[in-house]
Amino acid sequence: MIRKVWRPGTRKGRSVAIVNDANCYVFKMTDIERLKRFIFAGTVPRQLAAINDILQGLFRVSRGLEVVQMIYKISIHRRNARQDALIYAYAFCCRRSNDEVKLMAYSHLNNICRIPTDLFMFIKYCEDISRPGTGWGRAHRRAVSRWYRQFENNPERLFHLVTKYKRRSGISHVDVIRLAHVKSVDPVIQLILRYIIKGYTEAKELFTDVTTQTMVNITNLMSALDDAKRTDNPENLCNLIRAHRLTWEQCPTRLLKTRSVLMCLLQQMPIEATVRKLGLMTCHTVFDDADGEESLRLVVQKLDSINTDFEDHVEDVRGGPRKVWHPLKLYKARTQYMKDRAHDKEQSARRSTLWKPIQRIGDALERAFYRSFSKMQPTGKRIYFVHSVSDRTIKLGDWKLPVNEISAVMSVTLARTEENCVIAAIGGNKMEILDVDRNEKMDSVLTRLNSLHLPGEADWSLPIKDAMERKLRDIDAFLFYVDCENAYTETHVADDMVKYRQYCNNPSVKLIVCGLNDSPHSLADKDDVHMLNISVFDASVPKLIDNFIRWEMRGVRPDANLAELPGAQIIGGPDDMSDEMQGVISGESQVDLPGEQNTENPDDVEMTDDETTVELSAARSNDVELDRRVKTEPTQKKQ
């Protein structure tokens, strides 16, 4: 049972610590932080009850608008690994009785549900949440109807979507159009809606007057799809694919395992679809012999374009910036493809698609994975990085990711980026220093981690004590990757950080805690401006850590008004970093100002540069007071 206590050594008015199940002092995470963890992890079924409790708690304290805005920002920046948890939280907001929250939530439907898969998932969750009702109220019908009508200026895009994503989550376009009463005055949209409901023959009979080039193009595509549905000849299907650029989902399933069809589809297949189909194409010998060499070169070229500088300036069909691939997504793609399923008896018993991986494809996926961190610049600071050694796994959608693999990802990233860092593994009351070479591969680091035996809940005060015992006075930041509750210790990690700052006479040594589980607790003191709590590992974490460590953040002036706080009022940063960090400080992370404004519902300051996942809290006293306390009482014992 958790009980509230005053953390030893803390003056009245600072953060209240609590005792966890391991009888250790920790800080309780806010509901908004916990919600971010669920959204970034991206899975729903086992976490449904917890997400409901968190969302209901936030709505009880009138933070619904803040939740909707947070979901919107995470979605448009593609920062979540999967859509499930995000769309469930979004559907929860849309089903609230608060008119203001509901209006804002439904206004973002077109941006959050970008493809029919997202729309169908959203509709399913709305129906589940609304039971015993149907969920199809007036606001819901109007919003769904607007989703289809948004393509009146680009009907070809709508036709592509409705024929590519026909049915998901047990819902089809026929069901949605009838339930939402979708209507449009645009004749091309009417043609597409009639095609969805009645089929090609009746749609063609109804619209005999073809007057625009757009309508001509769409009717030609309808005819091509009808021919593709009826053909049993692979060569005829290949001709239709080349002439009309048909996608995988628009082709008949019975011909999708034919080598010639696969090779033809590969020529125009998007990168993401290519990665998903690598195993299937390898199984059906698309890359074998001399004919397959050209296909293999094309795949490697596509993979080498992922997360490149060129892609940052490429726009997708709807005009938005192309997303940067999530590093976990690339790591998952490589590990799943490189597993030799052809010689795995367990896989052979469960799967019909078996393949022997091709090393050139695996190497290209590995290069893309390392490029996901390539934009990081060396901080020039000394970082003490500590991560858990654990046999636990983290559920990310349908993929279980071992904690050791996340640890290996960050170890390799720091070793390749920083020239002056300490990397350690921790478990129970033991810790081992790892000498990770900057040229060492991910697989090598992971093998070393799996060979370590450090059982039990970790004592996260060990790294700070080790730095003092080894007389490492030049540590600029401690970075912890935590997957479990902190083990019992006589002192709290936040108190040990104060001791280390006094030891090295540096009051701005930072502590960054990245939580990998769904624990409601954190080691970071919310009232300490030099401590950072990060919710789950996602694509922005490396850049966030880089910015926070390099920036000599000194706090916020106590008399500053958060609503009027410009970037120039952030004091203490180096001159060459001011422009960059002024771009970083602007909204999703929460900055608690000194005094009475440090509440459960602080005003937001948005981080538009990398849209961080954190809650960043300014100390109630600024750094001038902290410096004075360190200098005048360097050896003072806490009460």
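## Strand 9 and its partners

Ile 383 faces Cys 421 of strand 9. This pair belongs to a predicted model. Strand 6 (residues 383–388) and strand 9 run parallel, joined by six bridges.

Strand 9 also pairs with strand 10 (residues 430–434). Here the sense is antiparallel, with five bridges. Ile 423 has Leu 434 of strand 10 as its bridge partner. Two residues separate the strands of this hairpin, and Gly 428 adopts a positive phi near 60°. Strand 9 itself spans residues 421–427 and is mostly covered, with six of its seven residues buried.

The largest nonpolar core holds 146 residues. Ile 71, Phe 122, Tyr 148 and Ile 361 have the most contacts inside it. Helix 4 supplies the largest share of this core, ten residues. Another core, of 25 residues, lies apart from it; Ala 424, Ile 426, Phe 480 and Leu 523 are among its members.

What does Tyr 148 contact, leaving aside neighbours within four places in sequence? The partners are Leu 119, Phe 120, Leu 158, Val 162, His 173, Val 176, Ile 177 and Val 182.

## Helix 5

Helix 5 covers residues 99–107, and Val 101, Ala 105 and Tyr 106 are buried there. Seen down the helix axis, the buried residues fall within an arc of 120°, so they line one face of helix 5. Asp 99, Glu 100 and Leu 103 are exposed on the other side.

At the N-terminal end, Asn 98 caps helix 5. A side-chain oxygen of Asn 98 lies 3.0 Å from the backbone nitrogen of Glu 100.

Key
Residues numbered from 1 in each chain as written. Predicted model: local features only at pLDDT ≥ 70, side-chain atom pairs only at ≥ 80, totals over all residues. Heavy atoms only, no water. Buried < 20%, exposed > 50% of the residue type's maximum accessible area, 1.4 Å probe, protein only. Helix = DSSP H or I, 4+ residues; strand = E, 2+ residues; numbered from the N terminus. Arc of directions from axis to C-beta. Polar contact = N/O pair within 3.5 Å; in protein donor to acceptor, adjacent residues only side chain to side chain. Core = buried A, V, L, I, M, F, W, Y, C linked by side-chain atoms within 4.5 Å. Contact = heavy atoms within 4.5 Å. Pairing = 2+ DSSP bridges.
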